[in-house]
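Reader: Please take a close look at one helix for me. I want its packing partners, its ends and its setting in the chain.

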Amino acid sequence: MSDDGHEQNGHERVPSRQRRRFPGISSRAYEHPADRSALVALRRLSGFDTVFKALSGLLPERSLRLLFLSDSVRVSDQQFTHLNDMLRDACYILDLEKVPPMYVTQDPQPNAMCIGLDEPIIVVTTGLVELLDEEEMRAAVGHEVGHALSGHSVYRTILLFLTNLALKVAWIPLGNLAVLAIVTALREWFRKSELSADRAGLLVGQDLRASMRGLMKIAGGNHLHEMNVDAFLKQAEEYEAGGDLRDSVLKILNVLPRSHPFTTVRAAELKKWAESRDHQRIMDGHYPRRTEDKDTSVGDSFKESAASYADDVKGSKDPLMKLVTDIAGGAGGLGGRVKRGFDGFTSAPPSKDAPPRDTPSQGEEE
């Protein structure tokens with residue numbers, strides 16, 4: 001539990017170890033810049049609440065709530081008590097006043113989600129509960145509570161609805177394209193929101209190794225004795241830097257249909273954030289408060305988002321991102337580098353009569 005034991009329903013709950021609490025913390029403290037800029041813009045959009053209240057009548061939220069109530073197990077003091085303790089603890093640490101209802105549903109696939117327009121509900125599968133140990137599960141529950149605090153449940157519900165709608169209107173060419181365009185944009189946002197929620201999970205669990213173990217298990221199953229965190233993180237480096245431009249394009253195509261980033265990428269991103277000054281400042285008690293959210297500048301949030309993307313491109317080892325950096329910097333011999341990128345960076349060395357690799361041959365532009 002958190003720093004001090006606190007009473008809930010008349011029972012004193014003693015923490016397994018001390019954890020720092022973050023009173024009044026704003027979700028902006030842990031949100032990925034791309035996630036944050038989208039949320040700030042939506043929250044400040046005139047008429048946003050009215051539009052989504054109108055949409056709620058079309059979305060199957062009531063049906064989802066009734067489904068989980070009737071065919072899943074609701075976490076409480078009587079059912080899945082260890083998860084109930086983790087949920088209350090996570091809400092206490094992140095200072096989320098209203099504890100969202102949480103359900104365990106029978107599904108061997110390890111998964112969890114936070115959905116709902118009016119009020120968030122958290123759903124975890126039996127596959128996840130059986131896969132993770134206590135500290136790993138604590139981070140997973142904190143991840144979902146982070147979604148709730150950020151208001152992600154609203155957009156997640158819309159994404160689910162639109163994904164189903166895309167399947168229903170697939171026979172209408174233009175209608176399907178319009179819905180798919182929105183779904184693709186929402187998925188790109190949601191992938192960034194998952195990085196935000198991973199950070200929230202770390203703030204709740206306050207155990208980076210447990211967070212890393214949980215991600216490894218999601219990728220490779222319950223075989224920790226066969227896995228190694230450092231080797232797992234090296235996979236992320238190899239994934240980012242390996243291959244040629246063809247592989248870069250395939251990476252984009254592979255990730256487009258996904259709502260979550262790849263697991264090794266999530267692990268690398270979380271470790272990077274855990275070692276950052278931003279994370280240390282939060283742990284020291286210096287973080288934005290919810291009371292300041294109304295004064296947040298949309299322009300500043302977009303600038304932070306743009307700067308984050310620029311830093312990602314600049315620091316990336318991916319061949320396509322290197323090419324983008326070269327274009328921005330006006331690198332010489334660019335035409336040849338593009339051609340070699342698709343031919344493969346490990347092609348045979350040029351003959352003695354051929355020009356050097358970085359020297360433009362006749363007809364190529366510098």
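**Helix α9 and its surroundings**

Author: Helix α9 packs with helix α12 (residues 263-274) at an angle of about 170 degrees, their axes 9 Å apart. That makes α9 roughly antiparallel to α12. Angles over 145 degrees count as roughly antiparallel, under 35 as roughly parallel, 65 to 115 as roughly perpendicular, and the rest as oblique. Each axis is a line fitted to C-alpha atoms, for helices over the stretch in contact; angles run from 0 to 180 degrees between N-to-C directions.

The model is predicted: local features need pLDDT of at least 70 and side-chain atom pairs pLDDT 80 or more, while totals for chains, interfaces and linings use all residues. Residues are numbered from 1 along each chain as its sequence is written, and side-chain values use heavy atoms, with hydrogens and water left out. Helices (H or I, at least four residues) and strands (E, at least two) are DSSP runs, numbered from the N terminus.

Now the α12 contact in detail. On the α9 side stand Leu208, Ser211, Met212, Leu215 and Ala219; they meet Thr263, Arg266, Ala267, Leu270, Lys271 and Ala274 in α12. Contact means heavy atoms within 4.5 Å. By class, there are seven nonpolar, two polar and two charged residues. Ala, Val, Leu, Ile, Met, Phe, Trp, Tyr, Cys and Pro count as nonpolar; Asp, Glu, Lys and Arg as charged; the others, Gly among them, as polar.

The next partner is helix α6 (residues 134-150). Its axis and that of α9 (residues 208-220) come within 8 Å and cross at roughly 85 degrees. So α6 is roughly perpendicular to α9. Here Ala210, Ser211, Arg213, Gly214 and Lys217 of α9 meet Glu135, Glu136 and Ala139 of α6. This contact has two nonpolar, two polar and four charged residues.

An α-helix has 3.6 residues a turn, so residues three or four places apart point the same way.

Which residues of α9 are buried? They are Ala210, Ser211, Met212, Gly214, Leu215, Met216 and Lys217. Buried means under 20% relative accessible area, exposed over 50%, and partly exposed in between (1.4 Å probe, protein chains only).

Next, length and ends. The 13 residues of α9 should span 18 Å at 1.5 Å a residue, and the end C-alpha atoms are 18 Å apart, which agrees. The expected span is 1.5 Å times one less than the number of residues. After α9 comes glycine 221, with a positive phi near 85 degrees.

Leucine 203 belongs to helix α8 (residues 173-205). Leucine 203 has 0% relative accessibility and so counts as buried. Leaving out residues up to four places away in sequence, leucine 203 touches Phe22, Ile25, Tyr30, Ile93, Leu94, Trp273, His279, Ile282 and Met283. Isoleucine 282 is 79 residues from leucine 203 in sequence, yet 8.7 Å away in space, C-alpha to C-alpha.

Last, the whole chain. It has 16 helices and six strands. Of its 366 residues, 44% are buried. Among contacts between residues at least 6 apart in sequence, 71% join residues at least 24 apart.
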